[in-house]
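Student: I have a protein model open and would like to learn how to read it. Could you take me through some of its features?

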Amino acid sequence: MKTENLSDDIVTLDMLNVIGDAFNQNNINAVMNCFDKQAIFDHAAGQDIHGTRYEGHEALRKVFETLFNNVQSVHWETIDQRINGNKAFCEYRRKAILKNGEVQDFHSIDILTFKKGLIIHKNTYYKNIVVP
């Protein structure tokens with residue numbers, strides 16, 4: 001997904017659509033092509049203020065592959081996307097059915113920071129629907 005001849009600050013809706021398509025296709029190689037080699041992913045859940053942090057391509061590949069391998073299906077429905085400088089704010093409804101039958105339904109926000117056309121930081125926040 002690396003862009004050519006663009007400044008560090010340009011983010012486009014087309015770029016965001018490529019990223020969304022890669023995740024919705026559960027295509028790990030396409031997903032990883034969207035991230036800088038030194039990228040950071042801050043997951044919403046975790047014991048630190050920033051959630052659980054994954055750093056570098058290998059760590060990100062492992063966490064996303066684990067997700068794709070543990071679900072029967074997962075889909076991110078785009079609700080809204082906004083761009084401000086080198087940041088994108090993406091609002092999704094994420095629905096997944098795990099292989100054990102558990103259903104996950106999240107309303108989430110990703111704050112994506114870009115450098116030279118690649119994600120250098122993915123910061124995820126979400127609300128989880130809990131069924132009693």
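Tutor: Let's begin with one side of a helix. The face of helix 3 that points away from its buried side carries the exposed residues Glu58, Lys62 and Asn69. Buried means under 20% relative accessible area, exposed over 50%, and partly exposed in between (1.4 Å probe, protein chains only). Helices (H or I, at least four residues) and strands (E, at least two) are DSSP runs, numbered from the N terminus. Before going on, note that this is a predicted model, where local features need pLDDT of at least 70 and side-chain atom pairs count only at pLDDT 80 or more, while totals for chains, interfaces and linings use all residues. Residues are numbered from 1 along each chain as its sequence is written, and side-chain values use heavy atoms, with hydrogens and water left out.

Student: Which residues of helix 3 are buried?

Tutor: They are His57, Leu60, Val63, Phe64, Leu67 and Phe68. These residues sit on the same side of helix 3, because they cover an arc of only 140° around the axis. The arc is that of the directions from the helix axis to the C-beta atoms.

Student: What span does helix 3 reach from its first C-alpha to its last?

Tutor: Helix 3 has 14 residues and reaches 20 Å, close to the 20 Å expected at 1.5 Å a residue. The expected span of a helix is 1.5 Å times one less than its number of residues.

Student: How does helix 1 look when read the same way?

Tutor: The 12 residues of helix 1 should span 16 Å at 1.5 Å a residue, and its end C-alpha atoms are 16 Å apart, which agrees. Buried in helix 1 are Met15, Leu16, Ile19, Gly20, Ala22 and Phe23. Seen down the axis, the buried residues of helix 1 fall within an arc of 160°, so they line one face of the helix.

Student: How should I read aromatic rings that lie side by side?

Tutor: A pair of aromatic rings is described by the distance of the centres and the angle of the planes. Here, rings of Phe, Tyr and Trp (its six-membered ring) pair if their centres lie within 6.5 Å; planes under 30 degrees apart count as stacked, over 60 as edge-to-face and the rest as tilted.

Student: How many aromatic pairs does a search of the whole structure find?

Tutor: The search finds 7 aromatic pairs. In one of them, the ring centres of phenylalanine 23 and phenylalanine 68 are 6.3 Å apart and the planes are at 70°, so the pair is edge-to-face. This pair links distant parts of the chain, with phenylalanine 23 in helix 1 and phenylalanine 68 in helix 3, 45 residues apart. Phenylalanine 23 counts as buried at 8% relative accessibility, and phenylalanine 68 is buried with a relative accessible area of 10%. Phenylalanine 35 and phenylalanine 64 form a tilted pair, 5.7 Å centre to centre with 35° between the planes. Phenylalanine 35 lies in strand 1 and phenylalanine 64 in helix 3, so this pair ties together parts that are 29 residues apart in sequence.

Student: Which residues do ring pairs link into a cluster?

Tutor: The cluster holds Phe23, Phe35, Phe41, Tyr54, Phe64, Phe68 and Trp76.

Student: What should I know about phi?

Tutor: Most residues other than glycine have a negative phi, and most peptide bonds are trans. Asparagine 26 lies in the loop between helix 1 and helix 2, and at 28% relative accessibility it counts as partly exposed. Lysine 116 also has a positive phi, near 55°, and its place is in the loop between strand 5 and strand 6. At 47% relative accessibility, lysine 116 counts as partly exposed.

Student: Is glycine 117 buried or exposed?

Tutor: Glycine 117 is buried, with a relative accessible area of 0%. Glycine 117 and methionine 15 are 102 residues apart in sequence and 8.2 Å apart in space, C-alpha to C-alpha.

Student: By class, what does the lining of the largest pocket have?

Tutor: That lining has 13 nonpolar, 7 polar and 3 charged residues. Ala, Val, Leu, Ile, Met, Phe, Trp, Tyr, Cys and Pro count as nonpolar, Asp, Glu, Lys and Arg as charged, and the others, Gly among them, as polar.
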